[in-house]
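Hi there,

Here is the structure I promised to pass on.

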Amino acid sequence: DGCGHTVLGPESGTLASINYPQTSPNSTVCEWEIRVKPGQRVQLKFGDFDIDDSDSCHSSYLRVHNGIGPTRTEIGKYCGFGFQMDGLITSQSNEVTVQFMSGMHTSGRGFLAAYSTTDKPDLITCLDNASHFSEPEFNKYCPAGCVIPFADISGTIPHGYRDSSSLCMAGVHAGVVSNTLGGQINVVISKGIPYYEGSLANNVTSKVGPLSTSLFTFKTSGCYGTLGMESGVISDSQITASSVLEWSDQTGQVNTWKPENARLKRRGPPWAAFDSDEHQWLQIDLNKEKRITGIITTGSTLAEYYYYVSAYRILYSDDGQKWTAYREPGIDRDKVFQGNTELYQEVRNNFIPPIIARFFRINPLKWHQKIAMKVELLGCQFSIGRAPKIAMLPPPPPQNNDNRNDDLSDDFIHSVKTSLQTDKTTFTPEIKNTTVTPSVTKDVALAAVLVPVLVMVFTTLILILVCAWHWRNRRKKTEGTYDLPYWDRAGWWKGMKQFLPTKSAEHEETPVRYSSSDISRLRPREVPAMLQTESAEYAQPLVGGIVGTLHQRSTFKPEEGKEASYADLDPYNSPVQEVYHAYAEPLPITGPEYATPIIMDMSSHPSTPLGAPPISTFKAAGNQAPPLGGTYSKLLSRTDSTSSAQALYDTPKGQPGPGAADELVYQVPQSVAHSAGSKDE
C-alpha cells in the first residue's frame with residue numbers, strides 16, 4: 001500500500017512513493033519488479049530522495065536488489081533527508097527489485113526515481129527542467145511516465161516552453177516523446193518571451209505562464225504540417241461519415257451538418273452524426289499513403305449548440321476495407337485519445353510512432369449531448385523507396401508499366417503498417433527526380449561565388465562615379481572668387497525677382513543695350529589678350545557696400561537670348577584687370593537702381609574747363625538724368641541700327657581724348673536731357 005505514481009515501460013519508466021511529494025504515510029510498503037530485454041542491464045536514477053533516517057535506516061528505507069524473487073541480491077540500502085545520490089545505480093542483470101519501507105516518522109517526502117537500460121547514459125528524471133542545464137543545446141533521454149500531476153509546464157509549440165517547465169513533460173505535450181515509451185529529446189535554449197500560452201495536448205494541460213529570462217523548444221523531424229482539411233487541399237468528396245445530422249429550425253429551414261463541414265477553423269456548423277452511439281465515424285481519404293503524425297479537434301464552435309467529442313479511437317486502412325485500430329507499441333489494447341473538454345478549444349494528439357496510411361477514421365467513444373466535431377490532420381508526404389537493383393537490366397519503356405518487378409525488404413515498415421506485403425511490392429511509375437544533380441550543384445556553387453563578386457564590383461564602380469561627380473562639383477564651386485556654382489549660373493535673377501517689390505509701369509525703364517556691330521564702327525581697339533578669354537557670367541560689383549545687401553550676388557546680368565559683348569571695353573590704369581558686363585539690371589524703385597556711384601573728379605582733365613564739377617560714372621536713381629555742370633565732357637556717340645539715341649561716356653582721367661590708344665575699363669552710358677526721347681534696344 002506504499003506505491004505511488006508508477007509507469008513501467010519496456011525500456012524505461014518512473015516510480016515514486018505514495019503521496020509524493022507530500023509526507024509519506026506511516027507503516028506502508030511497496031515493491032517494484034523491473035524487467036528489460038535479456039542481455040541488457042538496468043540503471044536507476046533518483047530525482048528526489050527524502051526518507052526519515054532517525055533510526056539509521058532500520059524502519060524507513062529504500063532497498064535495491066539485483067534480480068527478482070528469492071534469489072535476488074542486495075545492491076544497496078538508502079535513507080536520509082535530502083539525500084543527494086550522485087551517479088546511477090546499475091544492476092548486473094536485466095531484472096531489478098526496488099523495495100520501499102516507511103516506518104513511524106513525522107516528515108519525509110519519500111522518493112521519485114527513473115530507470116532505463118544502460119545504453120542511455122543521458123537519462124534524466126521527470127523533475128529536471130531547463131534551468132538545470134547551462135548548455136544552449138543538449139540531448140537527453142526522458143523515461144516513460146513523466147506525465148505526473150505534481151509537475152507543471154507553461155507554453156506550447158511552436159513558441160516554446162517556460163524554462164521552469166519539466167523537460168520531459170513538455171516533451172510529451174509537444175509530441176516529441178511518448179508518455180508510455182519515453183524517448184530522446186533535443187532541447188534548444190533561447191531568450192524568454194513575456195507571455196506563455198496554455199493548451200491541452202496529449203493528455204497534458206499546459207498552463208499560462210508569465211515572463212521568464214529563457215525558454216526552450218525541441219528539434220523535431222519537421223513532419224508536423226497540416227494535410228489539407230482547413231486549406232481545402234482535401235476536397236469535399238474525400239470526406240465521408242457514417243451518418244449526417246439533419247433538422248429543421250423554427251423557420252422551417254432544413255439544416256444539414258455534412259461531413260465536409262468538419263474542417264478546422266472554418267466558420268459555420270461542424271459535422272454531426274445523426275445517431276449518437278459508438279458506431280459513428282468520420283472518414284478522410286488522403287488519395288495516397290501519407291505519414292500522419294497528429295490530429296487537432298474542436299467541438300461545434302457554435303455557442304447555441306454545446307456539442308463536442310471527449311474521447312475517440314483512431315483507425316486506418318490502405319484500401320478502405322480492412323481497418324486497423326491504433327495501438328501504442330507493446331500495448332495490447334486500442335489507445336483511447338482524450339478529446340475536447342468544451343466546444344471551442346483546440347486539442348492536439350500525436351501518434352508515436354506515426355501512422356502510414358491512405359484512409360483515416362475517427363471513431364467517437366464519448367461526447368457531450370451530440371457527436372459533433374471539426375478536425376485537422378498533421379503529417380507529411382510518404383513515399384516508398386525502391387529496393388536495390390539485383391540485375392543490371394535496362395529500365396522498361398513507359399508503355400510497359402504494367403509489367404512490374406516487386407521486391408522490398410520485410411523490415412521496411414515496422415509495427416505501424418501491417419497491411420504491406422513484403423514478398424510482393426509494386427514499383428511506382430517513373431517519377432521526375434526533384435533532387436539537385438551534382439552538375440547542377442556545381443553550377444549553384446559557382447553562382448553563389450560569382451553573384452556576390454559581381455555585386456561588389458558594380459557597387460564599387462557606382463561609388464567611384466558618385467565620388468567623381470561630387471569632386472567635380474566641389475571643384476567648380478572653388479574655381480574663382482567671383483564664380484557662381486554651375487547650378488546658379490542660369491536664371492537666378494528670375495528667382496530673385498519674385499522676392500523683390502514690383503515696379504510700376506510708369507517708373508519702368510527700358511535697359512540700354514549695345515550691339516557689337518555698332519561698337520565696331522567707333523574706332524579700332526586693342527583688346528588685351530586676357531580680355532579675350534571668357535569671363536564669369538556674373539561679375540561682382542566694385543562697390544563693397546552693395547555686396548552684403550544682395551547676399552553676395554551681383555546686380556549685373558547678361559542679356560537674355562544674346563551673348564554679352566565685351567568688344568567695347570577701353571583700357572584703364574587699374575591695378576586689377578577684371579571683366580564686367582556692359583550694363584546693369586535696373587534695381588527696384590525702393591532703392592538705388594545702380595550700385596553706389598563712383599565720383600570721378602574731372603577738374604584735372606586736360607580738356608575740361610576749370611571749376612567743372614565731378615561727374616558720376618553711374619546713373620542716378622529714377623528716370624531723371626543727373627544735372628551736368630561746366631561746359632561738357634568728351635562724349636562718344638554711338639547709334640544702334642534700330643535707334644538714333646545718343647549716349648555719353650565719361651573720359652578717363654589723364655587721357656587727351658576719346659582717341660586714345662588705351663581702352664576704358666568702365667564704360668557705363670549716361671542719359672542726357674536732349675536724348676531722353678530716344679530708346680535703346
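Let's start with a term: a disulfide here is a pair of cysteine sulfur atoms within 2.5 Å. In general, it is a covalent bond between the sulfur atoms of two cysteines. Before the details, note that this is a predicted model, where local features need pLDDT of at least 70, side-chain atom pairs count only at pLDDT 80 or more, and totals for chains, interfaces and linings use all residues. Residues are numbered from 1 along each chain as its sequence is written, and side-chain values use heavy atoms, with hydrogens and water left out.

By that rule there are 5 disulfides. One of them joins Cys223 to Cys380, with an S to S distance of 1.9 Å. The torsion about its S-S bond is about -95°, so this disulfide is left-handed. (Helices, H or I, of at least four residues and strands, E, of at least two are DSSP runs, numbered from the N terminus.)

Are these two cysteines buried or exposed? Buried means under 20% relative accessible area, exposed over 50%, and partly exposed in between, using a 1.4 Å probe and protein chains only. At 5%, Cys223 is buried, whereas Cys380, at 24%, is partly exposed.

Another disulfide links Cys142 and Cys168, with S to S 2.2 Å. The torsion there is about -90°, so this one is left-handed. Cys142 belongs to strand E10 (residues 137-142) and Cys168 to helix H1 (residues 167-174), 26 residues apart. Both Cys142 and Cys168 are buried.

Now for the nonpolar cores. A core is a set of buried Ala, Val, Leu, Ile, Met, Phe, Trp, Tyr and Cys residues joined through side-chain atoms within 4.5 Å. The largest has 28 residues, and Ile314, Phe351, Ile355, Phe360 and Ile362 touch the most other members. Strands giving two or more residues to this core include E23 (308-317) and E26 (347-368). Beyond its neighbours within four places in sequence, Ile314 is in contact (heavy atoms within 4.5 Å) with several residues, including Ile295, Tyr326 and Phe337.

Last, the sheet. An open sheet of 5 strands runs in the order E1-E2-E9-E4-E7, with antiparallel pairing; two strands pair if DSSP finds at least two bridges between them. Its edge strands are E1 (3-8) and E7 (89-90), each pairing on one side only.

Cheers
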